[in-house]
Amino acid sequence: MAQHCRPGHKDAPVSRTIENAVVGAVTGPIVMPHTLLLGGWGLTGRLCLVARTTPLSRR
């Protein structure tokens, strides 16, 4: 995942490349999650938060 950084924008994505990522958690009930949290392995070998999805539809 590579995104361009837009300096000065509050919600500007950071430019980075992720080779291995996992869905590390969900928010809301597991049967109908609100969002997914994406994790990636940091330099220390710990799972770090990388991104969060926009709110998911009820479907």
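Biologist: Which residue is the bridge partner of W41 in β3?

Modeller: The partner is L47. A strand is a DSSP run of E with at least two residues, a helix is a run of H or I with at least four residues, and both are numbered from the N terminus. Two strands pair if DSSP finds at least two bridges between them. Here β2 and β3 pair in the antiparallel sense over five bridges. This is a predicted model, where local features need pLDDT of at least 70, side-chain atom pairs count only at pLDDT 80 or more, and totals for chains, interfaces and linings use all residues. Residues are numbered from 1 along each chain as its sequence is written, and side-chain values use heavy atoms, leaving out hydrogens and water.

Biologist: How many helices and strands does the protein have?

Modeller: There are zero helices and three strands, and along the sequence the pattern reads β-β-β. Strand β1 (residues 21-27) pairs with β2 (residues 35-41) in the antiparallel sense over six bridges. Within that pairing, A25 stands opposite L37 in β2.

Biologist: What is found in the hairpin of β2 and β3?

Modeller: Five residues lie between the strands of that hairpin, and G45 takes a positive phi near 90°.

Biologist: How confident is the predictor, in terms of mean pLDDT?

Modeller: The pLDDT is the predictor's confidence in each residue, from 0 to 100. The mean for this protein is 77, and 68% of its residues reach 70 or more. Over residues 1-5 the pLDDT is below 50, although in the model this stretch has 13 contacts beyond near neighbours in sequence. A contact means heavy atoms within 4.5 Å.

Biologist: Is V23 buried or exposed?

Modeller: Buried means under 20% relative accessible area, exposed means over 50%, and partly exposed is in between (1.4 Å probe, protein chains only). V23, in strand β1, is exposed because its relative accessible area is 53%. V26, also placed in β1, counts as partly exposed because its relative accessibility is 31%. Of the 59 residues in the protein, 10% are buried.

Biologist: Which residues make the nonpolar surface patch of about 490 Å²?

Modeller: The patch is made by V23, V26, I30, V31 and M32. Nonpolar side chains (Val, Leu, Ile, Met, Phe, Trp, Tyr) are joined within 5 Å, and like charges within 9 Å.

Biologist: Which residues does V23 contact, leaving aside its neighbours within four places in sequence?

Modeller: V23 is in contact with L36, L37 and L38.

Biologist: Where is A51, and which residues does A51 touch?

Modeller: A51 is in strand β3 (residues 47-52). Not counting residues up to four places away in sequence, A51 touches L36, L37 and L38. The C-alpha atoms of A51 and G39, 12 residues apart along the chain, are separated by 7.0 Å. A51 is partly exposed because its relative accessible area is 27%.

Note on methods:
Patch = residues over 30% accessible without salt bridge, like charges linked within 9 Å, V, L, I, M, F, W, Y side chains within 5 Å. Areas by Shrake-Rupley, 256 points an atom, 1.4 Å probe, with all protein chains shown as cover. Salt bridge = Lys/Arg side-chain N within 4 Å of Asp/Glu carboxyl O.
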